Amino acid sequence: EFDLFETVKEAFGRFERKMSEKSVSVSFTSDEICIVTADRARIAQAVENIASNAVKYTPCKGEIRVKVFKENGKTVFTTENSFGFLAPEELTKVWEPFYRSGSIYSEEGTGLGLAIVKGIIELHGGECISKTTELGVIFGFRI
């Protein structure tokens, strides 16, 4: 058992320098202590992969909103970042191995990060979340 919110803050802490270089602001919201029973190392890897993408694809002077909360007996982690539009078909494909969206392609990465997240979360009986918002996009998971 561990507090997912603490794991999330630790993961984003590893990207402080990159966020500072890009003048990206990050805000954290948690409704309560969100204790989960899971493989902490694997969940931390999933969180870090999502955090890495959020930082990588948020433009300079952009914004990342991080939330951890309880919903219907599950714990939910999401990142919402200022980004461009992703079409609905892209939002499902981003979880596939080696998929690289033409609209967000960068030289960095292999296209495996979110596929790894999906594998970890599904092995924990959870589900991945991806959707567009007024700000940009949300990625995360529910376990």
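**Sheet and helix packing in the predicted model**

Strand 6 and strand 7 (residues 136–142) run antiparallel and are joined by six bridges. The model described here is a predicted one. In general, the strands of a sheet pair through backbone hydrogen bonds, and the pairing may be either parallel or antiparallel.

The sheet as a whole is open and is formed by five strands, whose order is 2-4-5-7-6 and whose pairing is mixed. Its edges are strand 2 (25–30) and strand 6 (127–132), each of which pairs on one side only. When direction is ignored, neighbouring strands of the sheet are turned against each other by 15° on average.

Two helices pack on this sheet. Helix 3 touches strand 4 (63–71), strand 5 (74–82) and strand 7, and the direction of helix 3 makes about 15° with that of strand 5. Helix 5, in turn, touches strand 6 and strand 7 as it packs on the sheet, and the direction of helix 5 makes about 135° with that of strand 6.

The crossing of the two helices is left-handed. On the side of helix 3, the contact is made by Arg42, Ile43, Gln45, Ala46, Asn49, Ile50 and Asn53, while helix 5 contributes Gly113, Leu114, Ile116, Val117, Ile120 and Ile121. The residues of this contact divide into eight nonpolar, four polar and one charged.

A further position considered is Val24, which lies in the loop between helix 2 (16–21) and strand 2. The relative accessibility of Val24 is 10%, and Val24 therefore counts as buried, the cut-off for this class being under 20%. If its neighbours within four places in sequence are left aside, Val24 is in contact with Met19, Thr58, Pro59, Gly62 and Ile64. The C-alpha atoms of Val24 and Arg65 are 11 Å apart in space, although the two residues are 41 residues apart in sequence.

Terms used. Residues numbered from 1 in each chain as written. Predicted model: local features only at pLDDT ≥ 70, side-chain atom pairs only at ≥ 80, totals over all residues. Heavy atoms only, no water. Left-handed = near helix turned anticlockwise from the far one by under 90°. Helix = DSSP H or I, 4+ residues; strand = E, 2+ residues; numbered from the N terminus. Contact = heavy atoms within 4.5 Å. Nonpolar A, V, L, I, M, F, W, Y, C, P; charged D, E, K, R; others polar. Pairing = 2+ DSSP bridges. Axes fitted to C-alpha atoms, helices over the stretch in contact; angles between N-to-C directions. Buried < 20%, exposed > 50% of the residue type's maximum accessible area, 1.4 Å probe, protein only.
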